[in-house]
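Hi there,

Here is the structure I promised to pass on to you. Have a look at it first, and then read my notes below.

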Amino acid sequence: MASIGLLLIRFVFGLTFAGHGAQKLFGWFGGHGLKGTAGWMESIGLKPGKAMALAAGASELAGGILFAIGLWTPLAALLMVVPMIVAIAKVHGPNGYWVTQNGYEYNLAIIAVAIGVALTGPGQYSLDAIIFG
């Protein structure tokens, strides 16, 4: 049952996180795409904006997909954690904890889930388990 629980956690958090990357890169799911994200990143001091948007979007998309399928789980977790640390440092941290005040609540939850699964392991229903035993 624990592996089914891990699969559910990985799938929901991973695909949701990948969706955020697709918003940044392609403008899918109501996102602003690379150009819009680049402009916003420049406006908050992350320069060059296009390179930062590409890095954030690629990290979120790749990290989320890898996390969802349970492949290279520690790397997937790292690809999820790093942009969330930047998001807290540059955007959400000064607003306090609660997401209703644009705080870092959601970012911290992603960090906790990603690190927790990386430390626990992705479970038997993962590509890591199939490939690496």
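**A buried pair and its surroundings**

K24 and E60 are both buried. Please keep in mind as you read that this is a predicted model. The side chains of these two residues, K24 and E60, meet in a salt bridge, with 2.9 Å from N to O. The pair ties together distant parts of the chain: K24 belongs to helix α1 (residues 2-26) and E60 to helix α3 (residues 49-69), 36 residues apart. The count of salt bridges comes to one.

**The largest pocket**

Which residues lie nearest the centre of the largest pocket? They are K24, W40, M41, E60 and A87, out of 30 residues that line it. Helices α1, α2 (33-43), α3, α4 (73-92) and α5 each supply at least two residues of its lining. The most comes from α4, which gives eight residues. By type, the lining divides into 17 nonpolar, 10 polar and three charged residues.

**A buried asparagine**

Is N107 buried or exposed? N107 counts as buried because its relative accessibility is 4%, and the cut-off for buried is under 20%. You can find N107 in helix α5 (residues 105-120). Leaving aside residues up to four places away in sequence, N107 touches M84, A87, I88 and H92.

**Spots in the loops**

In the loop between α2 and α3 you will find P48, which is joined to K47 by a cis peptide bond with omega about -5°. F29 sits in the loop between α1 and α2, and its phi is near 55°, a positive value in a residue other than glycine. F29 counts as exposed because its relative accessibility is 61%. N102, in the loop between α4 and α5, also has a positive phi, near 65°. At 39% relative accessibility, N102 counts as partly exposed.

**What the record says**

An unreviewed UniProt entry places the feature "transmembrane region" at residues 61-86 and 106-125. In the model, residues 61-86 are 88% helix and 0% strand, and their end C-alpha atoms lie 16 Å apart. Residues 106-125 are 75% helix and 0% strand, with 26 Å between the end C-alpha atoms.

Happy exploring!

Notes. Residues are numbered from 1 along each chain as its sequence is written. This is a predicted model: local features need pLDDT of at least 70, side-chain atom pairs count only at pLDDT 80 or more; totals for chains, interfaces and linings use all residues. Side-chain values use heavy atoms; hydrogens and water are left out. A salt bridge is a side-chain nitrogen of Lys or Arg within 4 Å of a carboxyl oxygen of Asp or Glu. Helices (H or I, at least four residues) and strands (E, at least two) are DSSP runs, numbered from the N terminus. Buried means under 20% relative accessible area, exposed over 50%, partly exposed in between (1.4 Å probe, protein chains only). Contact means heavy atoms within 4.5 Å. On a 1 Å grid over the protein atoms alone, a cavity is a set of points where a 1.4 Å probe fits but cannot get out, and a pocket is an open set with protein on both sides within 12 Å along at least five of seven lines; lining residues have an atom within 4 Å of a point. Ala, Val, Leu, Ile, Met, Phe, Trp, Tyr, Cys and Pro count as nonpolar, Asp, Glu, Lys and Arg as charged, and the others, Gly among them, as polar. UniProt positions are given in the numbering used here, feature names are shortened, and annotations may be inferred rather than shown by experiment.
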